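I opened my notebook with two topics to look up. The first was how the chains meet, and the second was what surrounds the ligand.

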Amino acid sequence: MRRLLLRALLPAITPLLLLAVWQVAAVRVDNRIILPPMMDVLHLIIHPTEDLLSMGSLLSNITISLARVMAGYLLAVVLAVTIGITMGYYRPLFRTFSLFFALFRPIPPLAWVPLVLAWFGVASFATLAGLEYGLWYMYLNNLKISMVFIIFIGGFYPVLTSTIQGVQSVRTTLLDSARVLGAGEMAIFTKVLLPAAAPAIVTGMRIGLGVAWMCLVSAEMLPGSLSGIGYLITHAFTVARTDVVIAGMISIGVVGAAIDFIFRFFEERTFSWQRRSR
Amino acid sequence: MAMKNGSILEIAGLTKNYCAENGSIVHALQGIDLDIAANDFVCVVGPSGCGKSTLLRIMAGLDRQTDGVARYLGKPIDRPTPQIGMVFQEYSLLPWRTVIDNVGLGPEFAKVPKRQRLLLATEFLQLVGLERFAHAYPHELSGGMRQRVAIARALANDPDVLLMDEPFGALDAHTRILLQKELLSIWERHRKTIVFVTHSVDEAIFLADRICVMSGTSGRIMEMIDVTMPRPRERSNPFYGQLAERILRMLEGEVVKMGVL
Ligand SMILES: Nc1ncnc2c1ncn2[C@@H]1O[C@H](COP(=O)(O)OP(=O)(O)O)[C@@H](O)[C@H]1O
Ligand SMILES: [Mg+2]
């Protein structure tokens, strides 16, 4: 019983300590631009639907950001899994394209910004759909192509790398035994490669979503952005509202951690066969 | 060869070269000739690395030979076919599928409807005495049980020929002897042709009608030995020991030649 209590308390120790240090330091610094009191920030987080800096609430900005991340991320997953499975399975394709992808991978998503702006400017998915007014225009105009592209770049590589690695590490005995049982190429893909590589793919998807989420602030600093949690933070900084900056940072952290947690939970449940069949 | 008429597998002048990492050529098989009659139980023994797996993989249609030909019922083997089944040493069950779904895999590839597939799979699970574990996952089974499932899975495809590459190699001695007896009883009831690779001379003598002894240095067949001892074979039979002694001496010479000892 005491052990159980201890296990529940352990993860809470560092955040509580941090809050205490923050509170003490804020009182001593006594400057709300350098370090606002903890209670101010806490107030913002406890009331997430309150309008901030006439930019909408914390919650509505997070929702907009999530929509952007999801658009870029889903695109990245679909492309990376398809390319990854074919590249992982067909050696010649792997040899042909691995250098190409290796050259682009080290480029940080942020370094794409100038090029992406030159290409897409402030065009949004509403422009793509040919909309100029209405409800859908309002939604889609928030999805700037340039932002989605930056997020796409961030999410693409983790998924691609782990899909290739997952497919390449499928035991040849599994493939061979399927072949001698009469499996055609299509059955090899859907009944052996995909399920065998699924744990690696999902791990890549989890990491990819994390990276995509981290690209958010850089994407939302692009011109044409007037909303989103990343923009809220940069805007709050220019008007010296450090409490909003910190509240925004904390929300990014909490949402990111929640996404990670959900993914891990799903991984544990679905792929227990992998852990136990060593 | 004398038994040309009844032969189900014919191998003539089979040669396989591999290109090693350092660029040199490995002669895994050199001019192998072998005829296997229908319903025969042939064991292949030889030192590690002499080309046993290579030979079996070519017969299964998984690898292509450099030269020569392997025929099944007169037709060259150039790809895997459901008539030629194969059991591997280990790790061949799909770990995310239950036992019954693993056994039904061959019929599933052949697009047999689900209900019929389940009936088939259950029948073959019963054959290896594992119907109680139909809904277990491979990692919940012992090594011996997994190999039983692998055998049931190969049989569920109703192949004419069963190729087995050291299927009992990773099992403990007791389980191994148990499975040898089960395999013989299945073979006697279902009349399959079996080509069984093993590095255990004892296992080969217990199982085989004919033993193919391979040379370690040249990728050739050193000798074909007919085992005429009546079945079920007793390990206490003096012929058993004499034959084992003779084969072991041949293999020992090979290992010395390979410079392993
Ligand atoms: N894919 C491969 N590439 C290069 N050499 C190989 C390959 N497969 C087997 N060999 C070589 O061919 C020879 C025979 O191998 P194998 O048939 O696996 O022997 P065994 O099953 O009798 O132990 C060995 O020398 C091995 O190193
Ligand atoms: Mg081998």
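Buried area is the accessible area, taken with a 1.4 Å probe, that two parts lose on being put together, summed over both. I keep in mind that this is a predicted model.

Entry on the interface. I looked up the area buried between chain A and chain B and found about 2000 Å². Carbon and sulfur atoms give 71% of that area. On the chain A side, V180(A), L181(A) and K191(A) lose the most area to chain B. Together they make up 35% of what that side buries. I noted 19 residues from chain A and 25 residues from chain B in the contact.

Entry on polar links. I found two salt bridges across the interface. One of them joins R57(B) to D176(A), with the closest N and O atoms 2.8 Å apart. I also noted five residue pairs in polar contact between the chains.

Entry on the chain A side. Which helix supplies the largest share of the side that touches chain B? I found that α9(A) does, with seven residues. By class, this side of chain A has 10 nonpolar, four polar and five charged residues.

Entry on ligand 1. I listed the residues around ligand 1, including Y18(B), V26(B) and S53(B). α1(B) gives the most to this shell, with three residues. I then looked up backbone atoms beside oxygen atoms of the ligand. For G49(B) the distance is 2.7 Å, for K52(B) 2.9 Å, and for C50(B) 3.3 Å. Taken alone, ligand 1 exposes 560 Å², and the protein buries 60% of that.

How values were computed: Residues numbered from 1 in each chain as written. Chains lettered and ligands numbered in written order. Predicted model: local features only at pLDDT ≥ 70, side-chain atom pairs only at ≥ 80, totals over all residues. Heavy atoms only, no water. Contact = heavy atoms within 4.5 Å. Salt bridge = Lys/Arg side-chain N within 4 Å of Asp/Glu carboxyl O. Polar contact = N/O pair within 3.5 Å; in protein donor to acceptor, adjacent residues only side chain to side chain. Helix = DSSP H or I, 4+ residues; strand = E, 2+ residues; numbered from the N terminus. Nonpolar A, V, L, I, M, F, W, Y, C, P; charged D, E, K, R; others polar. Near = heavy atom within 4 Å. Areas by Shrake-Rupley, 256 points an atom, 1.4 Å probe, with all protein chains shown as cover.
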